[in-house]
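Please open the structure in a viewer and keep the selection panel at hand.

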Amino acid sequence: MAYSDKVIDHFINPRNVGSMDKNAANVGTGVVGAPECGDVMKLQIQVGDDGTIVDAKFKTFGCGSAIASSSLATEWLKGKTIDEAHTLKNTDIARELSLPPVKVHCSVLAEDAVIAAINDYKRKNGLLDDARDASGAETTAGKVQGE
Amino acid sequence: MALDKPIYLDHNATTPVDARVLEAMLPYLTTDFGNAASVNHAYGERAKAAVSRAREQIAELVGAEAKSIVWTSGATESDNLAVKGVAEMYREKGNHIITCKTEHKAVLDTCKHLAERGCTVTFLDPDEFGRVSAEQVADAITDETILITLMAANNEIGTLHPIAEIGALAKSRGVIFHTDATQAVGKIPIDLDAMGIDLLSLSAHKFYGPKGVGCLVVRRKGPRVRLALQMHGGGHEGGMRSGTLNVPGIVGLGAAAEICRREMPTEAPRIQALRDRLHQGIEGQLKYVKLNGHPTERLPNTLNLSFAYVEGESLMLKMPRVAVSTASACTSESLEPSFVLRAIGVPDDLAHGSIRFSLGRTTTDDQIDVVIEQVLQAVNDLREMSPLYEMVEEGIDPATVKWTEH
């Protein structure tokens with residue numbers, strides 16, 4: 001697979017690899033994907049009192065572009081409010097990383113992971129009142145966390 | 001090998017042309033450039049003599065008669081000629097073909113093509129190691145069976161079918177037996193007569209010859225196998241395959257065959273020892289590693305391993321100094337993992353984390369040390385960033401989690 005320099009950079013030097021306490025009230029966790037499909041992303045955000053994302057971490061099982069997509073997403077999330085973060089689009093990730101067409105689904109997965117993490121944070125903090133937030137990605141994260 | 005060049009452990013994909021092979025070929029590209037069919041002058045005669053010598057060299061390696069060699073462009077063409085040629089020629093006798101789900105696409109897709117045109121094809125299920133038994137084949141034979149086509153060795157996992165037993169069975173039941181021996185030739189002993197093989201496909205570039213040349217060995221007696229020709233034209237190769245012979249390629253194939261025959265007794269054990277050291281070096285220092293393929297009935301150079309909780313493409317990216325291949329879907333356009341690993345029951349998540357190491361003549365002791373080190377480092381690094389590995393470390397089996405397919 002011929003990857004762009006940006007994908008290789010994020011793959012070789014992934015930003016923000018790690019885990020936060022998924023039980024903490026100020027941490028939102030999203031886990032999306034499936035092992036048999038070849039990619040699983042866990043993305044976590046830590047939200048400050050003012051609603052700004054102060055830290056983001058990820059762990060990803062997947063190909064080079066899946067790892068790069070989640071690494072880039074965590075980089076972008078820091079310093080954003082959760083509402084701003086909610087507007088993150090997979091197409092932005094795909095464009096920034098120049099993903100080949102067959103790898104665009106990796107950026108979709110990263111977007112799903114971000115939404116799932118935000119929804120998890122909102123649910124924990126009683127902020128989940130919008131019906132649109134009850135997306136499939138959120139359900140996935142809920143199931144995994146229920147383990 | 002220069003430092004910037006990766007260590008090549010992908011010999012089942014292709015091999016470099018041996019320097020001795022290249023030397024044998026060169027005159028036939030320049031000074032002795034004649035057409036082997038130009039029998040009325042010295043140029044043609046020299047080319048024809050070189051082709052005859054190559055026939056003997058390859059025939060000796062696979063235990064066949066020199067006259068039974070039909071030159072082709074490679075194993076894909078040989079497989080097509082064998083399978084379609086038999087199906088068309090023996091149509092009146094029957095229309096049933098027996099093969100296996102782990103065959104190379106050159107055989108599988110040819111069989112599927114024939115199935116769309118009135119043939120009945122049985123695709124046997126291999127066992128968990130990738131083998132079919134002679135009993136399985138016997139049970140599948142009907143009055144309509146005209147062809148059994150089973151590879152000698154699998155390209156992805158290296159598993160060897162019991163070719164001699166199946167050959168004897170085919171003979172006793174009067175069914176033609178074709179084997180795609182592309183991966184076996186040059187790596188393990190193959191003997192057409194002793195193994196009861198009627199048709200055998202091979203390709204030069206898998207055993208240190210040039211790309212674009214191969215042959216189909218067609219048994220001439222006991223029984224004499226006839227084929228419906230697939231390439232019409234000047235009637236070369238006894239009418240079985242028209243087209244001007246690729247003389248330099250054929251000379252290279254012959255030279256490569258002779259080197260393999262001479263060196264196999266020392267080379268195969270050397271490569272197997274390196275392969276086993278690689279396996280032990282990895283398995284002894286890493287958890288959750290699974291061998292794909294048969295533990296013993298396997299090519300001496302092939303090692304296919306699944307590394308749980310990491311994905312194959314990222315594993316290869318993590319090892320830029322090692323050239324290997326993966327059955328992970330993420331390197332394919334289809335996003336489907338290997339059909340071979342599926343057929344032997346490897347779960348998709350493990351298939352995604354599989355790497356095939358195939359060693360060869362260029363592989364050295366020092367290289368194996370470097371590769372072991374690189375694999376350990378890469379797998380450990382990726383597991384550190386794997387949410388699945390994290391679950392396992394926390395005592396959660398990812399297999400018990402309800403995932404959403406996407």
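In what follows, Ala, Val, Leu, Ile, Met, Phe, Trp, Tyr, Cys and Pro count as nonpolar, Asp, Glu, Lys and Arg as charged, and the others, Gly among them, as polar. The model on display is predicted.

**The largest pocket**

Select B:R55, B:I69, B:H236, B:E237 and B:G238, which lie nearest the centre of the largest pocket. The lining comprises 26 residues, and the volume is about 480 Å³. By class, this lining divides into 12 nonpolar, 6 polar and 8 charged residues.

Next, colour helix 2 (42-62) and strand 2 (69-72) of chain B, the elements that give two or more residues to the lining of the largest pocket. Helix 2 of chain B provides the largest share, 4 residues.

**The interface of chain B and chain A**

Now display both chains. How many residues does the contact take from chain B and from chain A? Chain B supplies 30 residues and chain A supplies 34 residues. Between them the two chains bury about 2,900 Å², of which 67% is on carbon and sulfur atoms.

Select B:E313 and A:K103, which form a salt bridge whose closest N and O atoms are 3.0 Å apart.

Notes. Residues numbered from 1 in each chain as written. Chains lettered and ligands numbered in written order. Predicted model: local features only at pLDDT ≥ 70, side-chain atom pairs only at ≥ 80, totals over all residues. Heavy atoms only, no water. Contact = heavy atoms within 4.5 Å. Buried area = accessible area lost by both parts, 1.4 Å probe. Salt bridge = Lys/Arg side-chain N within 4 Å of Asp/Glu carboxyl O. 1 Å grid on protein atoms, 1.4 Å probe; cavity = no way out; pocket = protein on both sides within 12 Å on 5 of 7 lines; lining within 4 Å. Points joined across faces, edges and corners; volume = space filled by probe spheres on them.
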